[in-house]
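Please look at the model below before reading on.

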Amino acid sequence: MRHYFVLFILGILLATSSCRTDFDTVASNGDLKFSKDTVYLDTVFKNIGSSTYNLKVYNHSKNDINIPVIQLKNGLSSKYRMTVDGMTGNNGKIFNDVTLLAKDSLYIFIETTADITDADPTDFLYTDEIQFDSGTNLQKVALVTLIQDAVFLYPKQFSDGTSETIQIDDKPVDGFYLDENDAVNGNELLFTNQKPYVIYGYAGVPENKTVVFEAGARVHFHADSGLLVSKNASLQINGTVSTTEKLENEVIFEGDRLEPDFSDVPGQWNSIILTNESTNHLINHLTLKNAKIGLSIQGQDATTIQLKNTQIYNCSEYGILAKNGHINGENLVINYSGLAGLSCVYGGNYMFTHCTFNNNWSGGEPVAVNLSNSLTGATPETNGLTQATFNNCIIYGSNTNEFNLDKNTNAAFVYQLNNCLIKFRSSNANPDYQFSTDPTHYNQIILNQDPKFYKVSQNKFNIDNTSGAFAKGNQTYSIPLDIIGSTRTSPPDLGAYQSAAFPK
């Protein structure tokens, strides 16, 4: 019995000693270490919450310490908010008596939602700092965020909790029509370069109206949003050549997540939809990225879409999906598309000159170019492909074959490729792919030579004189200037870029 009593006492002593370190702490002495001395929260739009950023705090000492206070310098009025090891403290601003064990660390997660009026008017930076302890033991980590002012366009919200809608394919979706006499924004059919625009839902261009985007306009689309151009309405994108890497004269369409981690994420927003019977479209010097379908052309009237000097990147489905479209494309570049870069289905009429169609999408078997004169279904619908001409183009990518023909004999299927570099490595037993012996469809085809693009992963499709596309073009089809305004030589290079030495 005595042995059991001794063991019982020893157990109590051991239990007590093992728990004491959880409660016995020493005061912090200003010797905390941090994973960074400044936390930069990437650019945000006014009153739009940022992503969450983290800071790691280390206690390298042999003692468990008590930090009397961890707080934002601006206290409860700060536009930043934090959690400290999962704790929310006083409104995410002030935390008292935080224990940090010996040789351990804690995580602080930081977010912000700030207005442009909160920022310094000289540089638009909103700043604060996280303070650890006080007095002689005070340590600080700076917080910095750039706030952008913007024009916000969104559906009206009704008192019953519903919101304004417009019709797409006979279905209601969250959206609104742009108003040229809006009480707040003025003429919403003119997008200037004075402020960026942020669009929620679908922005519709009313019938018989034209939406204009000036050179340098920046448009950010929220998730599931896009632009819809209605019957007899027009899209005019008037970008021009830029002289710096800031693309100051380019019109840019992208998502509204501004953090670097989202710069190349596909599928962040929906599409630019040119509906059936829309008309007279001109697109020049547009960079469009990170959509589901970049341009969705659902058939337009007999006018031809003029698509020039345009780049479309990182679309989760298609760069361009045209159903019975009419397109004249010059100096066009498309890369990274989940299904196809350019997909022309249900016939139409197309002319592409000096274009670079590349697809380095990882996974599946997407192609750079797909042509079809039908729509899939239980009973396929057909419509004549009256012309699909490619002159001085590059059709390339990371898959075995980057060019696909889906021909239905019940409708016309007219196509021709002149002086093009094509990647197609399968056996040429199929009569539709006789690149060297079928002059009706193929003339001067360069098969499977590496164009040696500068940096595909960064969507930089410049070439130099070692490229398989160098000086292989036909002068008959040459466009005098390339996509960045450089003069083409004779004979011209294939694709959208005239060759030059790569940047150092």
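A strand here is a DSSP run of E of at least two residues, and strands are numbered from the N terminus. The model is predicted. In it, strand 27 covers residues 318–337, and both H326 and V333 belong to this strand.

Start with H326. Leaving aside residues up to four places away in sequence, H326 is in contact with Q300, D301, T303, T304, I305, N349 and Y350.

Is V333 buried or exposed? A residue is called buried when its relative accessible area is under 20%. V333 is buried because its relative accessibility is 0%. Its contacts, again without residues up to four places away, are T310, Q311, I312, Y313, T356, F461, I483, A496 and Y497. Y177 is another matter: 156 residues separate Y177 from V333 along the chain, and their C-alpha atoms lie 30 Å apart.

Now consider the nonpolar cores. The largest one has 66 residues, and the members that touch the most others are F253, I320, F357, L371, F390 and F403. Strand 27 contributes the most to this core, with five residues. For F403, the contacts beyond four places in sequence include V369, L371, I395, L417 and I422. Also touching F403 are K423, F424, Y433, F435 and Y442. A separate core holds 29 residues, including L100, I116, Y126 and L143.

Conventions. Residues numbered from 1 in each chain as written. Predicted model: local features only at pLDDT ≥ 70, side-chain atom pairs only at ≥ 80, totals over all residues. Heavy atoms only, no water. Helix = DSSP H or I, 4+ residues; strand = E, 2+ residues; numbered from the N terminus. Contact = heavy atoms within 4.5 Å. Buried < 20%, exposed > 50% of the residue type's maximum accessible area, 1.4 Å probe, protein only. Core = buried A, V, L, I, M, F, W, Y, C linked by side-chain atoms within 4.5 Å.
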